[in-house]
Amino acid sequence: MALIVRREALHPTLTRLDVLAPLVAGRAEPGQFIILRVDEEGERIPLTVADFDREKGIVTIIFQIVGATTAKLNRLSEGDEIRDFVGPLGQATETPDEPGKKTAVIGGGLGCAIAYPIARKLWQEGGEVHTILGFRDRSLVILEDEFKSVSGKTVLMTDDGSYGQKGLVTDGLRQLIDGGCQYDGVIAIGPLIMMKFVCQLTKEYGIKTLVSMNPIMIDGTGMCGCCRLTVGGKTRFACVDGPDFDGHEVDFDEAMARSAMYRPFEARRREAECVLLR
Ligand SMILES: Cc1cc2nc3c(=O)[nH]c(=O)nc-3n(C[C@H](O)[C@H](O)[C@H](O)COP(=O)(O)OP(=O)(O)OC[C@H]3O[C@@H](n4cnc5c(N)ncnc54)[C@H](O)[C@@H]3O)c2cc1C
Ligand code: FES
């Protein structure tokens with residue numbers, strides 16, 4: 001059982017929970033994730049460790065309400081407990097061995113919650129960090145001040161131009177590169193389609209690019225094979241080999257097709273959950 005010590009609604013569809021989980025907080029690194037079950041009958045879902053406080057034993061998760069389990073999780077309040085909260089799982093994001101390397105960190109929507117602790121780690125290790133954040137519109141902007149505090153340059157993009165610059169994160173990245181910024185690496189985290197196009201762009205410029213993959217996961221320990229991806233022509237399991245991979249090697253089209261496989265089932269579960277709430 002893991003106690004919820006703080007709950008904050010960041011947006012009607014986005015919630016932050018601070019959870020008391022000292023064993024996870026003690027070992028978590030940026031890029032890793034947990035798997036939780038809201039209650040005894042609940043399904044297991046993976047969520048990234050968005051932040052952690054080792055001293056207080058607290059792990060922060062930020063989640064988007066997209067279906068039955070995230071809707072159920074969103075109904076918990078401060079003082080409630082999450083049935084299972086297991087982690088940290090997966091490999092931590094690799095950061096450069098030497099300080100002074102210049103990295104562009106790109107977050108798309110909720111991907112910003114995953115990208116923030118990575119940007120902060122790069123900054124704390126003496127790296128030069130530029131961040132490019134993309135959102136559909138102004139109401140969905142999260143963690144802007146947090147990113148600014150760990151970045152030499154922050155570019156904010158919205159699809160509709162309601163905040164920052166109008167356009168996609170790839171437009172922001174191209175502007176920075178064409179303006180003379182020479183990056184040693186790019187880290188891109190967000191929807192599959194966004195990561196695919198960032199990788200196409202960075203391949204053009206020959207910049208090494210890491211992406212964080214989020215396929216459907218069940219056990220999270222490399223046993224069920226559900227989270228498999230093709231990377232560099234080989235089968236890899238996101239839960240144990242990732243979630244980070246060399247973006248120029250990932251077969252994004254296959255990953256997108258696999259992620260759509262369970263849509264009809266998920267829609268039925270969502271409907272069932274709504275009926276139960278009536
Ligand atoms: C390593 C990893 C880290 C993630 N981190 C975050 C995060 O920090 N915040 C966040 O909001 N979301 C994160 N996700 C996605 C999150 O797990 C799904 O949004 C959640 O499982 C949806 O469950 P649901 O029942 O509410 O929705 P459903 O209606 O069941 O599904 C909605 C969509 O969520 C995805 N999904 C569903 N079940 C799973 C599953 N078991 N594993 C992975 N994806 C699933 C699918 O894309 C699906 O189409 C992460 C996924 C992975 C693999
Ligand atoms: S989730 Fe089962 S092998 Fe990765």
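Me: What joins β1 to β2, and through how many residues?

Reply: A hairpin joins β1 to β2, through two residues. One caution before we go on: this is a predicted model.

Me: How do you know that β1 and β2 pair?

Reply: Two strands pair if there are at least two bridges between them. Seven bridges join β1 (residues 2-11) to β2 (residues 14-20). Therefore they count as paired. They run antiparallel. Ile4, for instance, has Val19 in β2 as its bridge partner.

Me: What makes β1 and β7 a pair?

Reply: The cut-off is at least two bridges. β1 and β7 (residues 81-82) have two bridges, so they qualify. The sense is antiparallel. Leu3 stands opposite Glu81 in β7.

Me: In what order do the strands of the open sheet stand?

Reply: Three strands form the sheet, in the order β4-β3-β8, with antiparallel pairing.

Me: Why are β4 and β8 called edges?

Reply: β4 (45-48) and β8 (84-89) each have a single partner strand, so one side of each has no neighbour in the sheet. The twist averages 25° from one strand to the next.

Me: How do you know that β3 pairs with β4?

Reply: Four bridges link β3 (residues 33-37) and β4. At least two are needed, so the pairing holds. Ile34 stands opposite Leu47 in β4.

Me: Which residues touch the most other members of the largest nonpolar core?

Reply: Ile34, Val59 and Ile106 do, in a core of 75 residues. The element that gives the most to this core is α3, with eight residues. Val59 touches Ile34, Val49 and Phe52, among others, leaving out residues up to four places away in sequence. In soluble globular proteins, nonpolar side chains tend to be buried together.

Me: What makes α3 mostly covered?

Reply: A residue is buried if 20 or more other C-beta atoms lie within 10 Å of its own. In α3, 10 of the 14 residues are buried. Among them are Cys112, Tyr116 and Leu122.

Me: How do you know that the length of α3 agrees with its residue count?

Reply: At 1.5 Å a residue, the 14 residues of α3 (111-124) should span 20 Å. The end C-alpha atoms are 20 Å apart, so the two agree. Just after α3, Gly126 takes a positive phi of about 90°.

Me: How many residues does each side give to the contact between domain 1 and domain 3?

Reply: Domain 1 (2-89) and domain 3 (213-267) have centres 22 Å apart, taken over C-alpha atoms. Seven residues from domain 1 and seven residues from domain 3 take part in the contact.

Terms used: Residues numbered from 1 in each chain as written. Chains lettered and ligands numbered in written order. Predicted model: local features only at pLDDT ≥ 70, side-chain atom pairs only at ≥ 80, totals over all residues. Expected span 1.5 Å × (residues − 1). Buried ≥ 20, exposed ≤ 12 C-beta atoms within 10 Å, placed from the backbone. Axes fitted to C-alpha atoms, helices over the stretch in contact; angles between N-to-C directions. Core = buried A, V, L, I, M, F, W, Y, C linked by C-beta atoms within 7 Å. Contact = placed C-beta atoms within 7 Å. Domains from an automatic or database assignment.
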